[in-house]
Amino acid sequence: MRAEDVLSETVARTAESGHDVDALVQDSFERISTSSTIAVARWMCGEGMEVAIEAGRETWEIFGELAVHRAATLDEVTRRCFHWRNVMAEVLHEGATQLDVSPEALSQALNILQLSLEFSLLRMCECYETERQRTDEELKRREEEFAFLATHDPLTGLPNRTLILDRVEQMLARSARNQTPVAALFVDLDNFKSINDTLGHGVGDELLQAVAARLKGVVRDADALGRLGGDEFVVISEELSLAVGPELIAERLLDALKQPFKLGADKDTRVTVTASIGIAAGDRISAEELLRDADIAMYRAKWDGKNRHVVFETGMQHTVQNRMELEMDLREALANEEFFLAYQPTLNLSDMSPNGVEALIRWEHPVRGVVQPDDFIPLLEETGLITEVGKWVLKEACAQGAAWRANGYPIGIAVNVSGRQLDTDQLVIDIEEALCDSGLDPQALTIEITETTLMRNVEETARRLTQIKALGVRIAIDDFGTGYSSLAHLQRFPVDALKIDRSFISGLQHNQEGETLIHTLVQLGKSLSIETFAEGIEQQQELTLLKDEDCDSGQGFLFARPLDVDATEAFLQEWAEERLPQTSTG
């Protein structure tokens, strides 16, 4: 057979038809023409149908490739098959004439050619039908996948807000018909942003998946657990009873989180997380309203101390609204320069001379006036704004401390650092920058950290405090005695001072146990060569007892309240003037 002649003529005729295809598809058609020609030729030579089928296998594979990649339509493939058949028939006629082949032999060859075409068309249709079925199945699978993604959270696989709202609407409808109680429990993880910032988003996502699995393990089959986004989950419950009320469900959810989570590739990262849960129960107009009330109650749980559940009550919405407005104002306070620092002097109790000041942040809003620290500092912590505001406090306090020292007041300055700041290495950078920008002697700066904060992540905290200490900065433990640190823990940190909590100082002259505790804490400090410092001294008797115990330093309203810059400088000036005659006389 003249395979090359068949190919060239077939190509020429398909080109004349005006149906152009790209180069790869054209190459496929040319391979089909060549392999089909060879297969038919072997059949005509008497090698049998089986040999021809084997020879034509490449043709069917190419058909399959065209179908899978949708490179050519079925109509286009069929048209080219007929062009090939017609060219083959003409070549057979020419060959029969040249070789004086009998009409019977030519007829048999043409029949074989026609059978080959029909067989090829049949296999081609099978390829395309198989591909059509596969495509239909894939489309169905994709539709199901898209439907699932539209109603489920991709990270945890839990129902998302869309599906939860639909289920709550159905639940409310059943409740109205059957007069059965319903409830929504809004679950928000405490301090999740801090975990994300410290350990990375990969561990954060792994934690969310683990939390979802824990919570799913304790909800009833009749209830539904969903993820609303971020670190927010929700449980919707119906058919409640006195035995299984929403408060009991909330307790189960909180209990499920008590054990540490083991995360990371090697499961060597241990994370403990708590949650605040808001409960809304009873009839509501809509699903949105039920979830809104549960959300409001959740915020109340956070403000009440976190790691607890709170049931929604009338009036909470107004409280939350006020809190939200306060938060919005707080977010603008730094940019609007509404923060300022007050300074409370600290004294050396041995000679009652000022040896430093503690920088305390204050907020004066143009409409609210001066906002009390207890009203906005917890909100700074909760929102994460404390990191940026804390950086500002460091720079401002160091600059002011350097100015006072330059004016002849040899005092130190203490700055409180929050747990959020201590969670990242950025704190070390911020302190270094504040010292560099201000020119303050590092030994004049004391960083104060609460005892509770100290124990949050012992290894990382010790590492960062060691870096801070290497800068020459002093470190003090604030509110000492209220946390859970032990002597062994205390020795792991580069601590220069212990600030004894004011709760041990207040009413000291009437409290024998308090006096004993003060003695113990002061002796502890001396045994570790750590300065002891008493907070909240308000009575002369308290001062006398502290001096008798040989406590090193102290502060309190007995000496001075927090003062603005001018008043602080006046305080220091007054002390300097009082000391001057004594120095001259001496």
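This is a predicted model: local features need pLDDT of at least 70, side-chain atom pairs count only at pLDDT 80 or more; totals for chains, interfaces and linings use all residues.
Let's start inside. The largest nonpolar core has 73 residues, and those with the most contacts inside it are Ile431, Leu445, Ile447 and Ile468. Helix H14 (residues 386-406) gives this core its largest share, 8 residues. Apart from it lies another core, made of 28 residues, including Val187, Leu215, Leu254 and Val273.

Leaving aside residues up to four places away in sequence, Ile468 touches Leu427, Val428, Ile431, Ile447, Val473 and Ile475.

Which strands pair with E12? Strand E11 (residues 412-416) is joined to E12 by 4 bridges, and the two run parallel. Strand E13 (residues 474-480) is joined to E12 by 5 bridges, again in parallel. Threonine 446 is a handy residue for tracing both pairings: alanine 414 stands opposite threonine 446, and threonine 446 in turn stands opposite arginine 474 in E13.

Helix H9 (residues 201-218) has 18 residues and reaches 26 Å from its first C-alpha to its last, close to the 26 Å expected at 1.5 Å a residue. Its buried residues are Val203, Gly204, Glu206, Leu207, Leu208, Val211, Ala212 and Leu215. Of these, Leu215 also belongs to the core of 28 residues.

Helix H11 (residues 287-303) has 17 residues, which should span 24 Å at 1.5 Å a residue; its end C-alpha atoms are 25 Å apart, which agrees. Among the buried residues of H11 are Leu290, Leu291, Ile296, Met298 and Trp303, along with the charged Asp293 and Lys302. After H11 comes glycine 305, with a positive phi near 130°.

## The second largest pocket

H11 turns up again here. The second largest pocket has a volume of about 340 Å³. It is lined by 17 residues, and Asp188, Asp231, Lys302, Glu382 and Thr383 lie nearest its centre.

Which elements give two or more residues to this lining? They are strand E1 (182-189), helix H8 (192-199), H11, helix H12 (316-333) and helix H13 (373-383). The largest share, 3 residues, comes from H11. Lys302, one of the residues nearest the pocket centre, is also listed among the buried residues of H11.

Definitions and conventions. Residues are numbered from 1 along each chain as its sequence is written. Side-chain values use heavy atoms; hydrogens and water are left out. A nonpolar core is a set of buried Ala, Val, Leu, Ile, Met, Phe, Trp, Tyr and Cys residues joined through side-chain atoms within 4.5 Å. Buried means under 20% relative accessible area, exposed over 50%, partly exposed in between (1.4 Å probe, protein chains only). Contact means heavy atoms within 4.5 Å. Two strands pair if DSSP finds at least two bridges between them. The expected span of a helix is 1.5 Å times one less than its number of residues. On a 1 Å grid over the protein atoms alone, a cavity is a set of points where a 1.4 Å probe fits but cannot get out, and a pocket is an open set with protein on both sides within 12 Å along at least five of seven lines; lining residues have an atom within 4 Å of a point. Grid points are joined across faces, edges and corners, and a volume is the space filled by probe spheres set on the points.
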